[in-house]
Every structure is written in structure tokens, then in C-alpha cells.
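Subject: Structure for your review

Dear colleague,

Please find below the structure that I am handing over to you. I would be grateful if you could read the notes after it with the model open.

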Amino acid sequence: MAAHTEDTRQQALLRLIEIYGDSVKRMCCVYLHAYSLSEDAAQDTFIKAYEHIDQILDGSIQNEKAWLMRIAINTCKDALRSSWLRRIDKRKPIEELPLSVSFAHEDSIALTQAIASLPPKLKEIILLHYYQQLNLRTCAQVLGISAATATRRLQQAQKKLRNEMERG
């Protein structure tokens, strides 16, 4: 394992932020139901990534996006477990959603809200597969589950979303 200079490590982090920053923040926003919390979670995600940036530089991480999304999901789970966050109301009016969401079509807003209300295991697979465009095999690796389980979760999530959209 080669030692990397601090400058090289910082450049690698800046590259990750430039390429994946918006994706990480969007993932965190839908996961946490709050734009302000998503900014903190995205920042924490990149701080954690920096602590292990040598893995990227050494080439031991094959899929940077999948690696970052796993860190982001774990960061969001940690935030949801915090005692402070459990006490706040996570239902947000449309005006408090990110600007890009608030100008979206009504069906898109309903879908985003339906995704946000899914159980975590189903929400994760939807966010990774559709929002981050990761294939099911990569989703399974990120989530630490089998490909068959990933497929089953995706089907369950699709069914729940379809039912929710038909009702709404």
C-alpha cells in the first residue's frame, strides 16, 4: 500500500465531490425527508470517505459511486437513529423540499413523497436503482444482500409505490 500525499488525497476527495456531490445530497434528502439534514449527511458522507480515500487511490474500490452511496445510506441511518432526529416532525410541506423538487410536476412530488415514506430497506433499493442508476447486482453489493434479495425488495417497493400512486 503506497503512501499518498495529503495533496493527492485532497484532490481525490474534491474529484469525488465534484462528480458525486449532487447525487449524494439527493439520496440523503429523500432518505432523511429534509433538505437541511441532507446537507449535513452529505458533508458527513464525504468526511467519512476522506478517512478512507487511500482505498480509492490504491484502486481497491471498484465502484466509487456504489461505495459512496453505501457510506451515504449508513450516514443517513445513523442520523435517523439519533435521539434528536427521532423527536422532530419529518413530514415536510412542499415549500420546504429542495427547489428542484418543489417545481416538479404534481405526480413527481407524490412519487417522491411515496418513496420517502417507504420502509428503509425498500427505500434504499429504489434510491440506488432508480435515482443512482446502479444495476441490481451493484445495489446488492452496496446493501450487503444477495442479488435475489435485491430483486425481491425492488419488486416489493414497486408494488407498494404502484398501490400508493393508484390510491393518491
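The notes below go from the overall fold to individual residues.

This is a predicted model, in which local features need pLDDT of at least 70 and side-chain atom pairs count only at pLDDT 80 or more, while totals for chains, interfaces and linings use all residues. Residues are numbered from 1 along each chain as its sequence is written, and side-chain values use heavy atoms, with hydrogens and water left out.

Overall fold

The protein has 10 helices and zero strands; helices (H or I, at least four residues) and strands (E, at least two) are DSSP runs, numbered from the N terminus. Along the sequence the pattern is therefore α-α-α-α-α-α-α-α-α-α. Of the 168 residues in the protein, 41% are buried. Here, buried means under 20% relative accessible area, exposed over 50%, and partly exposed in between, with a 1.4 Å probe and protein chains only. Among contacts (heavy atoms within 4.5 Å) with a separation of 6 or more, 66% are between residues 24 or more positions apart.

The nonpolar core

A nonpolar core is a set of buried Ala, Val, Leu, Ile, Met, Phe, Trp, Tyr and Cys residues joined through side-chain atoms within 4.5 Å. The largest one has 45 residues, and V24, W67, L68, I125, I126 and L128 have the most contacts inside it. Two or more residues of this core come from each of α1, α2, α3 (53-58), α4, α7 (106-116), α8 (120-131), α9 (136-143) and α10 (147-167). The greatest contribution is that of α1, with 10 residues. Leaving out residues up to four places away in sequence, L128 touches M27, M69, I73, Q133, L134, C139, V142 and L143.

Helices α1 and α4

Two packed helices are described by the angle between their axes and the distance between the axes. For helix α1 (residues 6-32) and helix α4 (residues 64-81), the axes come within 10 Å and cross at roughly 40°. Axes are lines fitted to C-alpha atoms, for helices over the stretch in contact, and angles run from 0 to 180 degrees between N-to-C directions. The crossing of α1 past α4 is right-handed, the term used if the near helix is turned clockwise from the far one by less than a right angle. On the α1 side the contact involves R15, L16, Y20, S23, V24, M27, C28, Y31 and L32. On the α4 side it involves E64, K65, W67, L68, M69, A72, I73, C76, K77, A79 and L80. These residues divide into 15 nonpolar, one polar and four charged; Ala, Val, Leu, Ile, Met, Phe, Trp, Tyr, Cys and Pro count as nonpolar, Asp, Glu, Lys and Arg as charged, and the others, Gly among them, as polar.

R15, in helix α1, counts as partly exposed because its relative accessible area is 33%. Its contacts beyond four places in sequence are with I56 and E64.

Helix α2

Helix α2 (residues 35-51) has 17 residues and spans 25 Å from first to last C-alpha, close to the 24 Å expected at 1.5 Å a residue. That expected span is 1.5 Å times one less than the number of residues. The buried residues of α2 are L37, S38, A41, A42, T45, F46, A49 and Y50. S38 counts as buried because its relative accessibility is 0%. Beyond four places in sequence, S38 touches K25, C28, C29 and L32.

Further residues

L57 is in helix α3 and is partly exposed, with a relative accessible area of 28%. The C-alpha atoms of L57 and A12 are 7.5 Å apart, although the two residues are 45 apart in sequence. Leaving aside neighbours within four places, L57 is in contact with H4, T8, R9 and A12.

L122 lies in helix α8 and is buried, at 6% relative accessibility. The C-alpha atoms of L122 and K160 are separated by 9.2 Å, at 38 residues apart along the chain.

Q133 is found in the loop between α8 and α9. Q133 is exposed, with a relative accessible area of 63%, and has a positive phi of about 55° although it is not a glycine.

Yours sincerely
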